[in-house]
Amino acid sequence: MNRIGAMASKLRVPALSIFVALFIGALFIIFTDVEVLGRLLSDPIGALGLGVGRAATAYSALLRGAFGDPETIGKALASGGDVQLWARALRPIVESVVASVPLIFVGLGVSVAFRTGIFNIGGAGQYTMGAVGGTLAALIFGGGVTPAPIAIILVMIFGLIGGALWAFIPGFLKARVGASEVITTIMLNFIAAQFVFFLVSNVEFIQKPPRIQPVSKELSQFVDLPGILPIESLRLDIGIIVALLTAVAVSWFLFRSTRGFELRTAGLNIAAAKYAGMGAASSIITAMLISGAISGLGGALVAVGTVKQLSPGIAGSVGFTAIAIALVGGTRPSGVVATALVFGLLQHGGSLMQVTTSIPIEMLLFIQALVIAFIAAPELTLGIVKNPFVRRSKSVTK
Amino acid sequence: MKLELQGITKQFPGVLANDRISISVDKGQVLGLLGENGAGKTTLMNILSGLYRPDSGTIRIDGTERTFRDPAQAIDAGIGMVHQHFMLVPVFDVTESVVLGNEPTKGPLGSFDRATARAQVVELSKKHGLHVDPDAKIESLPVGVRQRVEILKALYRKSEILVLDEPSAVLTPQETEELFEIIRGLAKSGTAVIFITHKLNEVIAVADKITVLRRGAVAGDTTPAKATAASLAEMMVGREVQLTVSRSKSKVLEPILEVNEMSVLNDAGDLAVDRATFVVRSGEILAVAGVQGNGQTELVEALTGLRPIDSGSVTLESKPLPAGSPRDIASAGVAHIPEDRNRDGMVKGMTIAENYILNTYHLPQYSKRGLLDRKAISAATEKAVKDFDVRTPSIDTDIASLSGGNQQKVIVAREFSRNVRLVIAAQPTRGLDVGSIEYIHRRIVEQRDSGAAVLIVSTELDEVLALGDRVAVMYEGRIVGILDAKDATRERVGLLMGGIVA
């Protein structure tokens with residue numbers, strides 16, 4: 001089999017989806033611009049020109065925000081080793097990667113559940129409870145109580161446990177009484193956020209003094225995750241390394257282990273799994289535990305390392321974006337990592353776009369939603385791109 | 001009306017489903033369309049009913065060319081389809097079912113005019129000799145009567161060309177005979193009938209002319225007067241076919257499976273198997289006949305651990321069956337070829353190798369310390385693929401891309417890869433081509449000859465009669481009779497299948 005060819009055909013739909021979504025996004029930028037609309041009737045050509053210009057400005061801001069400004073990069077190159085200039089040049093791309101770290105974790109987490117045929121929508125809640133676990137570990141063991149490496153390991157373990165416990169509840173309910181995981185996990189997302197709100201507004205041990213805002217203490221005072229770049233002001237820490245290792249581990253688990261074989265069988269054909277004597281209930285619980293643990297690990301590392309604070313909104317839109325990422329990435333660890341990086345680029349690029357043009361960051365959510373819609377309807381996506389170029393042979397009717 | 005299809009060609013990615021097919025059927029004529037699964041029958045009918053559009057070729061009705069953009073246009077043109085799987089709403093009554101989509105209405109709000117509808121249905125069923133109670137609920141009707149409702153539906157829509165897709169698959173021999181009467185009556189009153197089947201005897205019995213399809217093309221046209229079952233089979237397969245399974249006399253030894261007063265409930269909690277008692281011995285094949293849905297599925301599921309046994313006892317080689325655990329039953333020496341291979345027997349989206357180890361992956365030969373031993377799995381699968389003549393580009397091919405026959409060979413290879421004392425095969429050849437049927441039958445008989453006990457469940461009477469050393473018949477959950485092969489004539493078994501115990 002031609003592996004490169006097979007790879008290319010797998011990437012075709014996702015790549016086209018992103019491309020078409022960006023194109024439609026551009027049309028929206030053009031036709032929602034008040035100035036363009038105002039001139040559309042009196043001076044259609046000028047208006048369109050203006051609109052295309054606006055879209056170009058927006059997308060170039062998006063690209064600069066995602067990858068970096070060529071000019072700044074040029075200056076950094078010219079300067080040789082000027083740390084300040086290099087930090088400025090690399091910050092956009094580094095921040096894009098930082099934005100992708102939680103997406104990788106939760107994307108991998110929900111992928112394990114999806115592979116088992118469980119629609120775990122609870123990534124956000126499991127991520128949040130992982131963040132709670134990580135925060136507690138940092139507050140208890142950090143700040144010199146235990147040596148720094150041990151504190152970091154405990155942060156990760158508490159994160160794993162927090163997420164796993166939160167996923168165990170819906171897993172157990174589904175396996176034992178058949179409760180729909182879609183409903184239970186969504187509800188547990190809300191409970192997790194409210195639980196954090198309770199912790200950071202009522203518990204003195206956790207809440208940031210002088211206890212006015214509902215946020216935790218600054219966690220960087222307790223545990224500091226080591227950065228991995230030589231420039232200190234760039235905040236990329238070991239979280240990304242753990243994320244990539246997790247991807248490798250998930251891939252190995254799913255495709256090499258007997259347990260992974262059982263989970264994949266259950267996901268593809270539950271009747272055949274029963275026929276083969278695999279325990280369906282234990283598959284569900286195992287998958288949910290692993291799924292929640294991975295999301296929880298991400299929550300702990302991001303709360304302690306990147307955000308450095310626990311707050312009720314810690315998960316943001318990570319839960320739902322991660323579902324999209326899992327589906328776009330074909331629930332394959334490599335696909336999830338690649339898609340999460342693309343979404344990270346879009347997210348960080350979008351924030352610069354919002355600053356430099358007046359286009360709101362919601363535009364990016366719109367584009368993300370379009371990407372998902374196109375991936376969900378591959379025929380449509382291929383149709384849109386194919387039709388203008390390829391003429392279908394007309395039926396011969398005489 | 002006269003229907004002609006000329007030069008119909010339909011290409012799907014990688015498959016030429018229909019290759020310049022031409023068929024015609026005249027007013028008052030019955031055309032038997034014969035072909036194996038995958039010969040292109042269904043594609044052709046989907047083109048005729050407006051679901052697909054042909055790449056080339058023409059459809060003519062009474063000489064005028066027609067194109068159908070959707071099924072509604074085909075119905076308007078007078079083409080009525082009776083599908084293999086009925087499209088009926090269980091809680092509707094017969095009248096409602098027949099007029100659904102074309103209801104007579106009354107009043108300014110267009111409310112349903114039940115009285116008129118009922119009168120129309122009664123008149124229609126009287127005219128065509130299709131006896132049904134217009135007020136009976138669909139769910140209370142036996143399959144044969146539901147089929148009549150489907151035919152009435154087509155006639156109500158003024159179909160003058162009636163297409164019946166594998167209509168006898170769900171009927172007893174006697175019900176099939178009644179269906180043939182109906183078809184003959186319809187033809188007499190001027191309807192053109194296309195009767196699709198893979199059963200040779202049926203086309204000979206009911207058709208006026210026969211068209212045989214093979215691999216998407218017309219293999220030949222003939223008439224029942226000129227054709228024999230053997231000549232049709234040869235046309236259908238493209239080579240000479242042995243219609244009977246050759247096998248030696250069975251050397252029956254000790255009992256392997258003893259089922260005593262076993263009762264099993266279905267999903268709804270109703271009694272599906274009612275105190276079944278039988279024995280299968282080493283070296284014999286016990287074939288269970290019966291119309292689909294008379295408890296055979298539940299019987300097999302109970303014996304293979306997929307469904308709890310409600311009462312009664314089952315022993316395997318004198319030890320109690322480890323009921324409820326498919327894995328323990330398999331380890332005890334039971335091979336299970338499941339009734340629905342798509343649902344239970346294989347995992348589409350997984351490779352042939354993964355399907356081959358589906359229920360043995362946990363054994364030390366294929367995994368160590370929770371890790372799959374890919375080398376051992378590949379080696380074993382390569383050997384099985386060769387031994388069982390599975391046609392596939394590689395063992396890493398998705399099993400979904402294989403033909404039904406090759407998929408079934410993978411399943412049989414997997415089940416026979418263990419030490420087998422009892423074979424439980426449910427519908428082992430459903431939907432397979434003749435070549436694969438021969439092959440699978442031969443393999444099953446081999447198991448018998450090497451001393452295994454074999455329990456075959458089939459709704460195909462031909463298969464039951466060809467393979468069974470003894471024939472048991474199930475009707476409404478009960479074993480209504482067990483006959484020796486020499487006493488198991490088509491008529492006797494057929495009567496038992498209809499619940500008539502002589």
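Start at A:Gly330: just after helix H13 of chain A, this residue takes a positive phi of about 65°. Helices here are DSSP runs of H or I of at least four residues, strands are E runs of at least two, and both are numbered from the N terminus.

This is a predicted model, in which local features need pLDDT of at least 70, side-chain atom pairs count only at pLDDT 80 or more, and totals for chains, interfaces and linings use all residues. Residues are numbered from 1 along each chain as its sequence is written, with chains lettered from A and ligands numbered from 1 in the order in which they are written.

**Helix H13, chain A**

Select residues 318–328 of chain A. Nine of the eleven residues of H13(A) are buried, so the rest of the structure largely encloses this helix. Buried means 20 or more other C-beta atoms within 10 Å of the residue's own, with C-beta atoms placed from the backbone. Among the buried residues are A:Val318, A:Ile323 and A:Val328.

H5(A) contributes residues including A:Pro102, A:Val106 and A:Phe114, and H13(A) residues including A:Thr321, A:Ala322 and A:Ile325. Ten residues of this contact are nonpolar, four polar and none charged. Nonpolar covers Ala, Val, Leu, Ile, Met, Phe, Trp, Tyr, Cys and Pro; charged covers Asp, Glu, Lys and Arg; the others, Gly among them, are polar.

**Domains of chain B**

Move to chain B and colour domain 1 (3–237), domain 2 (244–333 + 420–502) and domain 3 (342–418). These bounds come from an automatic or database domain assignment. The centres of domains 2 and 3 of chain B, taken over C-alpha atoms, lie 25 Å apart. Their contact takes eleven residues from domain 2 and eight residues from domain 3. On the domain 2 side, select H10 (326–331) and H15 (434–449), which each supply at least two residues. H15(B) gives the largest share of that side, five residues.

**Where the chains meet**

Finally, show both chains. Here 28 residues of chain B are in contact with 17 residues of chain A. On the chain B side, strand E4 (56–61), H10, helix H11 (341–345) and strand E20 (371–372) each supply at least two residues. That side divides into twelve nonpolar, ten polar and six charged residues.

Note on methods: Buried ≥ 20, exposed ≤ 12 C-beta atoms within 10 Å, placed from the backbone. Contact = placed C-beta atoms within 7 Å.
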